[in-house]
Amino acid sequence: MPSSTFTDVCRINVKGGDGGAGCMSFRREAHVPKGGPDGGDGGHGGNVILEADPQLSSLIDYRFKHHFRAERGTHGKGSRKHGKDGEDLVLKVPVGTVVHELDPETLEPAFDVADLTHPGQRVIVAPGGIGGKGNIHFVTSVRRAPAFAEKGEPAVEHWIELEMKLMADAALVGMPSVGKSSIIARISAARPKIADYPFTTLVPNLGMVRAKDGSSFVVADVPGLIEGASEGKGLGHQFLRHIERSALILHVVDVTGGYEGRDAVEDYKTINEELAAYASELAERPQIVVANKCDMPGTEDAIERLRQAAEKDGRPFFEVSAVTGEGLDELVINTSVEVRKLRNAAKSDEDTELSQALNERAERQRRRRDNAISIRMESQGIWRVSGGAVERMVIQTDWDNDEAIAYLQHRFDRIGLDDRLADAGCKNGDEVRILGFAFTYEGADQDDEFAELNEDEDLVVLDDGDEDGGETEVLHV
Ligand SMILES: Nc1nc2c(ncn2[C@@H]2O[C@H](COP(=O)(O)OP(=O)(O)OP(=O)(O)O)[C@@H](O)[C@H]2O)c(=O)[nH]1
Ligand SMILES: [Mg+2]
């Protein structure tokens, strides 16, 4: 892998395909004057899926195109013909991409959806809408010929953030100008800029290192860290998260102390404190201490003291010179052995379990938000009901059709909306608004012609929630 710069973070807007509408139709046969209902269901919309592709090394494909939509489901037809499901849209991203859900209001990252660490790993980032049911589903003992069908479920559009984290086996970490880039240039084909001023390296470089025993590993050269980096000082902060992805830290220390005449052991401690302050597990990450610039005269004392500090911390220690090449072979072979050990230790099935757990959690959070219903009094006698699921029920309804409206009333009953409104203080005759639609509230107990329908959709169970003030937020996991 040559040295590479890359698009690090990008935001895209994804939407699954809408569900196709269910069909309202009746059988027509010569000898059957009034055929029964035979409208088929709408097809489900396609999903937008992200897939980790080992061929990709950047998110550059998403720099200019931001909107991605999967195909919609087609409508159901008569003779119980179901609509066709929409095709999934599969977006390829590099291995090492983390997916964040953005809060729809603030557009700030709200929670992690997935961590795509394995080639071929997939995650649905925008599920398609469910197809509407055809009128065959709405037959009850009192409603033999339901003259309505459900519209398709519209898919939800939302923004996600893709963040590519480096997937290097080892990261070269240290103060500016200690020789990190010089080392990666010596041990790999990467050709980063090398200069005697701090912050020469502005973005991480990756290099593939081939050890003499034939094994290889990926090393990252990360911009220099300074004291305060964990609080955002210098350039290093944004790259500390890349270090998190490397199983091994190659901690490079300049034994000359640089122009400022710093102390090598102090530098070593400062960097470790910054790593620990950024994330406590970074302090425990396996680390090899690399004393660089050992070709320079007068460094013996610093080398010795640094060796002792490293030994005290139980870390392997190597003396090298990126200028003469001295000690680098030994460093590479030892790093390679260490990397192999760490790779074997990180059992991939454990990672998969972790990422599955993450997927499930994201799905739960999404549903929870979607099923949450909030009831708010807009003004005297006027109530605003909002929430993804309840709003979709309204959108799926054909408002020119009384039967469809009666069925919507049944769905409201099932999710306990009428009771919730009553609890919030809604009175008969009050106006209830959902999206752009308004209803007159007529109390909770009404005839339900659909009561006996056997529906397979998940019940949105409303629990009590907080009851302070006019607004109630009801969550269902
Ligand atoms: N004498 C000597 N000089 C070195 C050695 N390694 C690096 N240098 C010099 O140190 C300076 C900084 O080297 P870089 O490799 O750019 O250092 P860096 O750690 O990548 O610096 P940043 O990217 O700014 O964080 C350059 O002038 C190098 O030539 C070495 O082993 N011996
Ligand atoms: Mg550099």
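Let's start in helix H6 (residues 328–345), where Lys341 and Glu338 sit three residues apart, about one turn of the helix. Helices here are DSSP runs of H or I with at least four residues, strands are runs of E with at least two, and both are numbered from the N terminus. The side chains of Lys341 and Glu338 meet in a salt bridge, with 3.5 Å from N to O. That term stands for a side-chain nitrogen of Lys or Arg within 4 Å of a carboxyl oxygen of Asp or Glu. Lys341 itself is exposed, at a relative accessible area of 51%. Exposed means over 50%, buried means under 20%, and partly exposed is what lies in between, with a 1.4 Å probe and protein chains only. Elsewhere, Glu378, Arg384, Glu431 and Arg433 are joined into one network by salt bridges that share partners.

Before going on, a word on what you're looking at: this is a predicted model, in which local features need pLDDT of at least 70 and side-chain atom pairs count only at pLDDT 80 or more, while totals for chains, interfaces and linings use all residues. Residues are numbered from 1 along each chain as its sequence is written, chains are lettered from A and ligands numbered from 1 in the order in which they are written, and side-chain values use heavy atoms, with hydrogens and water left out.

Back to the charges. The structure holds 21 salt bridges in total. One of them pairs Asp254 with Lys293, whose closest N and O atoms are 3.0 Å apart. This pair links distant parts of the chain: Asp254 belongs to strand S12 (residues 248–254), and Lys293 to the loop between strand S13 (287–292) and helix H5 (300–312), 39 residues apart. Another salt bridge runs between Arg262 and Glu260, with 3.1 Å between the closest N and O atoms. Here Arg262 is partly exposed, at a relative accessible area of 24%, and Glu260 counts as exposed at 59%.

Now for the metal. The magnesium ion (ligand 2) is coordinated by Ser181 through OG and Thr201 through OG1, at 2.0 to 2.1 Å. These two residues come from distant parts of the chain, 20 residues apart: Ser181 is in helix H1 (residues 180–187), and Thr201 is in the loop between H1 and strand S10 (205–210). Donors are N, O and S atoms within 2.8 Å of the metal (3.2 Å for Na, K and Ca), and water is not among the atoms, so sites may look incomplete. Both residues are tucked away from the surface probe: Ser181 is buried at 8% relative accessible area, and Thr201 is buried at 10%.

Thr201 also turns up around ligand 1. That ligand is surrounded by 23 residues, and the closest are Ser182, Phe199, Thr200, Thr201 and Asp295. A residue counts as near when one of its heavy atoms lies within 4 Å. H1 gives the most to this shell, with three residues. By class, the shell has ten nonpolar, nine polar and four charged residues. Nonpolar covers Ala, Val, Leu, Ile, Met, Phe, Trp, Tyr, Cys and Pro, charged covers Asp, Glu, Lys and Arg, and the others, Gly among them, are polar.

What do the oxygen atoms of ligand 1 sit close to? An N or O atom in the Ser182 side chain is 2.6 Å from one of them. A backbone N or O atom of Phe199 lies 2.8 Å from an oxygen atom of ligand 1, and a polar side-chain atom of Thr201 lies 2.8 Å from one as well. Taken alone, ligand 1 exposes 650 Å², and the protein buries 88% of that. Ser177 has a positive phi of about 65° although it is not a glycine; Ser177 lies in the loop between strand S9 (170–174) and H1, and is partly exposed at 29% relative accessible area. Leu435, also not a glycine, has a positive phi near 50°. Leu435 is placed in the loop between strand S17 (431–434) and strand S18 (437–440).

How values were computed
Polar contact = N/O pair within 3.5 Å; in protein donor to acceptor, adjacent residues only side chain to side chain. Areas by Shrake-Rupley, 256 points an atom, 1.4 Å probe, with all protein chains shown as cover.
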